[in-house]
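Student: I have a protein model open and I'd like to learn how to read its surface. Could you walk me through it?

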Amino acid sequence: MKTKNHPGILLLAAIFIFAAPAAGHADNLFRLYPELQVNGFYADNVPFRTTNEEGDFGTTMVAGVYLDYTSAARYASLHYDTFVQLFAHQSRYDRAGEGQYVSATDDENLSPTTKLHLDELFYRDAPALVAITTSDQAPQFNSVMALLLLANFQASINQFNAQLTHYWGRNWSSELSVHQTTFWGTGNNGNHGNNGSSYIQGFTAATDYHFSSRFSLGVGNRYYDFQFTFPGRPDQQADWPFVRATWEPMRNLSLQGMVGVVISHTQGSSGNQVNPAGIGTVAYEFKHGEVKLYGGQQPELVSVYGSVGEIRWGSGLILYDFTQRLTGTAGAGYYDFIGSGYSGDFLSWGVGLSERVNKWLSLNTRFIQVRRSETSSNQFLPSGTTSGQWAVGDYYVVGLAVSIEAFRWSWQ
């Protein structure tokens, strides 16, 4: 079966979010925000490669629009951005309007005991420096951003999630969810060029017992289906039966985790592979800030260009409010992608300050270091990357962000 693309899901999600009638008689609120972010930076490795590093001063700009809708039964949003990247000297790296970001979310209260969450994301071939210098994921990023940065952003992604949760009374709840991700290779990597894509779909079913409002324990299964159009890349399926728990030992501290084994099968091969897997989260809130830690190991697409394996990762973020308007951040993230014929390591860390001048303008400054190392027997490495060596980039960023409520409409 060939890898599928789902460009229509985003449009359908947007139509559903903003055209479907809202339940309930409470006020409905619609808001529209034009957005602009401008950052000046110095990067000591503009092409982000292992040899022949080049430094330069530059500017990144993000322009877009954000709109949301709120009612008693629903919260929905739609977000669009496009990007500009300009350099003082190395104009061959200039980009304008090539990268696109679109996301849509919808949270539905179908009944007092049933909740539905939908979200859709589309990210098209944005330059790596745009993500490094403007992303609110920096400095710890996430696994999708790490995978795209490993590909040097010679790829695009479409991602869809749907989750239905039902509460069966005081103690029992169940969850059904579906996840779909499509990666398109858009760079001239190896012999595949623009001709390949990778498709992942997954289904999760789980049931939890809530011993109290602070502790729950549950069991479930997550199914993965990996499909590729790259030549010589066999499809793969996997099941992850797991046990999971949530615990709040005190009011400001929460812990979540799931653990189990992954049973995977590669088409065209005999036998199955069995590997441990688990995910953990720790979050702590204090008077002036919060600390969040994430980590784990699970099956994942480990290369945009068609390799399945495991991802092992750990990331953390500290937010501290020095004043009501001035916030400091410090964070780091490490991602280790291990697959057949390919392995990639991505490490990032940084610190920053952000000051909200007023309700529509904020200023920020930060330092971010990004490291990337890849080893491949299939020539899937970005241009200028030496197998097994680290590409290192330091980024010094100063910028501003503007978001203005341009339109508001409420009705009953």
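Student: Which strand gives the most to the nonpolar patch?

Tutor: Strand 9 does, with 3 residues. Strands here are DSSP runs of E, at least two residues, numbered from the N terminus. This is a predicted model, where local features need pLDDT of at least 70, side-chain atom pairs count only at pLDDT 80 or more, and totals for chains, interfaces and linings use all residues. Residues are numbered from 1 along each chain as its sequence is written, and side-chain values use heavy atoms, leaving out hydrogens and water.

Student: Which residues make the nonpolar surface patch?

Tutor: F211, F215, L217, V219, V243, W247 and V259 make it, covering about 650 Å². Strand 9 (215-228) and strand 10 (236-250) each supply at least two of the patch residues.

Student: Is W247 buried, exposed or partly exposed?

Tutor: Buried means under 20% relative accessible area, exposed over 50%, and partly exposed in between (1.4 Å probe, protein chains only). W247, in strand 10, has 46%, so W247 is partly exposed.

Student: And Q236, buried or exposed?

Tutor: Q236 is also found in strand 10, but Q236 counts as buried because its relative accessibility is 14%.

Student: What does the side chain of Q236 join in a polar contact?

Tutor: A polar contact is a pair of N or O atoms within 3.5 Å; within protein, one must be able to donate a hydrogen and the other to accept it, and residues adjacent in sequence count only if both atoms are side-chain atoms. Here the side chain of Q236 joins that of T266 at 3.0 Å.

Note on methods: Patch = residues over 30% accessible without salt bridge, like charges linked within 9 Å, V, L, I, M, F, W, Y side chains within 5 Å. Areas by Shrake-Rupley, 256 points an atom, 1.4 Å probe, with all protein chains shown as cover. Salt bridge = Lys/Arg side-chain N within 4 Å of Asp/Glu carboxyl O. Helix = DSSP H or I, 4+ residues; strand = E, 2+ residues; numbered from the N terminus.
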